[in-house]
Amino acid sequence: MTKNDCIFCKIANGQIPAAALYEDDDFCVILDAGPASRGHALILPKEHFDDLCELDEDIAKKVLPLAARIGKAMKKGLGCAGFNLVQNNGEAAGQTVRHFHVHVIPRYEGGPQIAAWEPGTVSAEEMGNIVEAVKAQL
Ligand code: AMP
Ligand code: ZN
């Protein structure tokens, strides 16, 4: 199922042109229009899912193998030294387009820092509380 007002549904299904580097029955992989680095790509399922929590399991199983394939091709084709996978869920996490997608971001030797955070601290007690809170919902 696609969603009428969703730009990634339109792109993944060919209604809006994009720089596509891969396509199959389930996915379209395009270049990000606001790249974090040269070759920054987005893996888009053709079907609409708001985010990871909604993603169909059969589609989900194919995402990491496809990401590995894209990443390997970037290393060979673009000469990047590595790549990051980034996948945002919800506005608070930085998701701006509510259609599940995975960023594949090539990383170059000496390139800019992209995803980084200051390591915080956590007590053993707080770790225990967190483990219990999440475990209870699994
Ligand atoms: P996120 O913040 O995880 O939802 O990522 C959305 C990404 O989609 C951003 O990196 C945007 O630059 C990218 N984006 C938005 N619209 C387009 C578009 N029409 N074509 C290509 N990339 C887009
Ligand atoms: Zn969509």
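## A quick tour of the ligand sites and cysteines

Around ligand 1 there are 16 residues, and those that come nearest are Asp 32, Gly 94, Thr 96, His 101 and His 103; a residue counts as near if one of its heavy atoms lies within 4 Å of the molecule or strand in question. Keep in mind that this is a predicted model, where local features need pLDDT of at least 70, side-chain atom pairs count only at pLDDT 80 or more, and totals for chains, interfaces and linings use all residues. Residues are numbered from 1 along each chain as its sequence is written, chains are lettered from A and ligands numbered from 1 in the order in which they are written, and side-chain values use heavy atoms, with hydrogens and water left out.

**Ligand 1**

- Val 97 has a polar backbone atom 3.0 Å from an oxygen atom of the ligand.
- With His 103 it's the side chain that takes part: one of its N or O atoms sits 2.8 Å from an oxygen atom of ligand 1.
- On its own, ligand 1 would expose 510 Å², and the protein buries 77% of that (areas come from the Shrake-Rupley method with a 1.4 Å probe).

**The zinc ion (ligand 2)**

- Cys 6 and Cys 9 each give their SG atom to the zinc ion, while His 48 and His 99 each give ND1, at 2.1 to 2.3 Å; donors are N, O and S atoms within 2.8 Å of the metal (3.2 Å for Na, K and Ca).
- The site is tetrahedral, with angles of 102 to 117° among the 4 donor atoms; for four donors, that label asks for all angles between 85 and 135 degrees.
- Along the sequence, the zinc donors follow the spacing C-x2-C-x38-H-x50-H.
- Cys 6 is buried at 6% relative accessible area, and Cys 9 is buried too, at 1% (buried means under 20%, exposed over 50%, partly exposed in between, with a 1.4 Å probe and protein chains only).

**Cysteines and disulfides**

- Searching the whole structure turns up 0 disulfides, going by a limit of 2.5 Å between a pair of cysteine sulfur atoms.
- Cys 80 can't form one because its sulfur is 20 Å from the closest cysteine sulfur, in Cys 28, too far for a bond.
- Cys 80 also counts as buried, at 6% relative accessibility.

**Leu 44**

- Leu 44 belongs to strand β3, residues 41–45 (strands are DSSP runs of E, at least two residues, numbered from the N terminus).
- Leu 44 is buried, with 0% relative accessibility.
- Between the C-alpha atoms of Leu 44 and Ala 136 there are 32 Å, and the two are 92 residues apart along the chain.

Terms used:
Four donors count as tetrahedral if all angles lie between 85 and 135 degrees; four count as square planar and six as octahedral if opposite donors are over 155 degrees apart and all others between 65 and 115; anything else is irregular. A polar contact is a pair of N or O atoms within 3.5 Å; within protein, one must be able to donate a hydrogen and the other to accept it, and residues adjacent in sequence count only if both atoms are side-chain atoms. Helices (H or I, at least four residues) and strands (E, at least two) are DSSP runs, numbered from the N terminus.
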